[in-house]
Amino acid sequence: MKKENIKWPNGAKCAVLFTIHVDGESLYNRPEETPTPRRVTYGRYGIVRSVDRLLELTQKKNVPCSYFIPGQIAQRYPEMVKKIDSLGYEIGFHGFDHEDAMYTDRSTEEWINVVERAQSVFESIIGKRAVGYVATSSDFQMDAPEIWYERLGFLYSSSMRGDDRPYRWDFGKGETDFIEIPARWELDDYPYFCYNYNPPQRRGQARIASYQGVLSNWKHEFDGYYNQGGCMCWMLHPQISGIPGRSQLLEEMIDYMKNRPDVWFATGKEIAEWWKANY
Amino acid sequence: MKREVQWPENYQSAAMVSIMLDCEFIWLDMDPLYDTPKHRSMGEYGPKRGVDNILTALDDYHIKATFFVPGIAAEKYPDTVLKIAESGHEIALHGYAHENFAHLSPDEQREAIQKGINAIEKLTGKKPVGFRLPEGDCTPETFDIIKEFDFLYDSSLFDNDIPYFIENGKHKMTEIPMRWEMVDFTYLAWGGIFPAGACRVAVYDDVLDNWLRELNAFYDMGLCYVITWTPQTIGSPGRMFMVEKVLEQMTRKNIWVSTGEEIARYMLNQGKENKV
């Protein structure tokens, strides 16, 4: 099917969005009955070392980012949230405890309460609420996105996988102003690199991927988005992409993209607002 | 970028070569069902063949490594462990029977550490000053228990890329963090129960590229690179080139390649100087 390329701002050929999922300890400090203190330090690395490293890198390269922070992490590390916000990066919603069955193990009212709790943490730290919604690991019930928009007032979500361009959500009564910026697993560092020995993580304990191989995948992906005019939406995790060698890999990737003069690097909020005004 | 740790003699960064002499005990601890001849032989390859290859490479590059040894390995392979100690490498503790500390009560953890210390001290005459958890997790009590034994340092955690102190009361222990990315077993070991999804053995050149990229990045940033090898995994003829390449890069750069004990002592002394 032939499709017309999107007309991005300032004649850009494609858009690039870095969503940074600041999981910290949240993915690893459960279930409470069987604590794994050693594994928790794998997540803590992201807070202790990576966030500063990623901020420094993206400032040096002038790359906007959107940081999605679980409520418990914002609560535990308010100075980090303030720093990210004060440097002009976006703060978005990513669960309170990085709930992994948020929409299936509790009622709608209960998960709405999870969202409100995280929002009130953001409000108390930086005086504003998140407008971007990135669903945590789990899938969600069919009417959840409508609730994110109608009841919770989010501007956009980046939770779907079914496109390589933003689109307006349609809840059966025509297109709304709720924007989806879909992301794709191949642009997620987690499936390539996440590792724990025991308990095995991921559960099949696949090998940590080859850095040079992944970099090559990512360059192919960028070329594809650039040629087709898509919106390249990354999912990066500080505990994964912030370790020394992989932060240099990311730098190499950013340089590769910055080689092109006509790429629009933007936050999720900027892309959603622009899409809402233009498409 | 500013350097957070001032390494000795103006070295740009630090590195520790850690060797885990897991032998067959890593397999036996995974599942008692694997107390079988073939699985045992996979682990036995380490002391039987791998160790000598690694000792030769370390000698060639004049590098002193830290060998984390389960107490039971010192009992079963005394000649191997003595040979390592007599070559000037550090012998540190890696549990008694390579037990997963997540599955032990606090008293069982104490017993494993005490038995491990006893086995090594009896053989080498020196009490180990370093500890690394056997592969597996631990419990909320574990780090208090480790400190009860006055270890100078631990090297099990993942939450930094430079050494730091874990303090409680008057005991101050150095943590020298490690990473799964720089362990051979995670990429290359293969057996009935590991890896859980029976995924393929990784491509050697890719694994080496990962290790060297991290080594270069740790060097650029002035950090403490900890590579971890198991003789049963990396010590075979076709894989030793990976060890040699990493050691070659380490010695070619301005890196302080040292043992866990030396790094921990340096950190402690530096801490004192900074306070004065």
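The model is predicted. Chain A has 10 helices and nine strands, while chain B has 11 helices and nine strands. Between the chains, 30 residues of chain A are in contact with 36 residues of chain B.

**Overall build**

- The radius of gyration of chain A is 18 Å, close to the 19 Å that the globule rule gives for 279 residues, so chain A is as compact as a globular protein of that length.
- Chain B also agrees with the rule: a compact globule of 276 residues would have a radius of gyration near 19 Å, and chain B has 18 Å.
- Taken along the principal axes, the C-alpha atoms of chain A fill a box of roughly 55 × 45 × 35 Å; the C-alpha trace of chain B spans about 55 × 45 × 35 Å along its own principal axes.
- In chain A, 47% of the 279 residues count as buried; in chain B, 51% of the 276 residues do.
- Of the contacts in chain A with a separation of 6 or more, 73% are between residues 24 or more positions apart.
- In chain B, 74% of the contacts between residues at least 6 apart in sequence join residues at least 24 apart.

**Side of chain A that touches chain B**

- Three helices of chain A, α1 (37–60), α7 (211–228) and α9 (244–258), each supply at least two residues of this side.
- The largest share, nine residues, comes from α1(A).
- By residue type, this side of chain A divides into 14 nonpolar, 10 polar and six charged residues.

**Helix α4 of chain A**

- Helix α4(A) runs over residues 108–126; at 1.5 Å a residue its 19 residues should span 27 Å, and its end C-alpha atoms are 27 Å apart, which agrees.
- W111(A), V114(A), V115(A), A118(A), V121(A) and F122(A) are the buried residues named in α4(A). They cover an arc of only 120° around the axis, which puts them on the same side of α4(A).
- An α-helix has 3.6 residues a turn, so residues three or four places apart point the same way.
- The face turned away from the buried side carries the exposed residues E109(A), E110(A), E123(A) and S124(A).
- The cover over the buried residues of α4(A) includes α2 (71–76) and β3 (90–93) of chain A.

**Backbone features in loops of chain A**

- Most residues other than glycine have a negative phi, and most peptide bonds are trans.
- The peptide bond from R30(A) to P31(A) is cis, with omega near -5°; P31(A) is in the loop between β1 (14–21) and α1 of chain A.
- N198(A) and P199(A) are joined by a cis peptide bond with omega of about 5°; P199(A) is in the loop between α6 (189–193) and α7 of chain A.
- N62(A), a residue other than glycine, has a positive phi near 55° and is found in the loop between α1 and β2 (65–69) of chain A. N62(A) is exposed, with 9 other C-beta atoms within 10 Å.
- H98(A) is not a glycine but has a positive phi of about 50°; its place is in the loop between β3 and α4 of chain A. H98(A) counts as buried, with 27 C-beta neighbours inside 10 Å.

**A loop residue of chain B**

- K253(B) lies in the loop between α10 (240–252) and β9 (255–257) of chain B, and with 16 C-beta neighbours inside 10 Å it counts as partly exposed.
- S236(B) is 17 residues from K253(B) along the chain, and their C-alpha atoms are separated by 26 Å.

Conventions
Residues numbered from 1 in each chain as written. Chains lettered and ligands numbered in written order. Predicted model: local features only at pLDDT ≥ 70, side-chain atom pairs only at ≥ 80, totals over all residues. Helix = DSSP H or I, 4+ residues; strand = E, 2+ residues; numbered from the N terminus. Expected span 1.5 Å × (residues − 1). Buried ≥ 20, exposed ≤ 12 C-beta atoms within 10 Å, placed from the backbone. Arc of directions from axis to C-beta. Contact = placed C-beta atoms within 7 Å. Rg over C-alpha atoms; globule rule 2.2 N^0.38 Å. Nonpolar A, V, L, I, M, F, W, Y, C, P; charged D, E, K, R; others polar.
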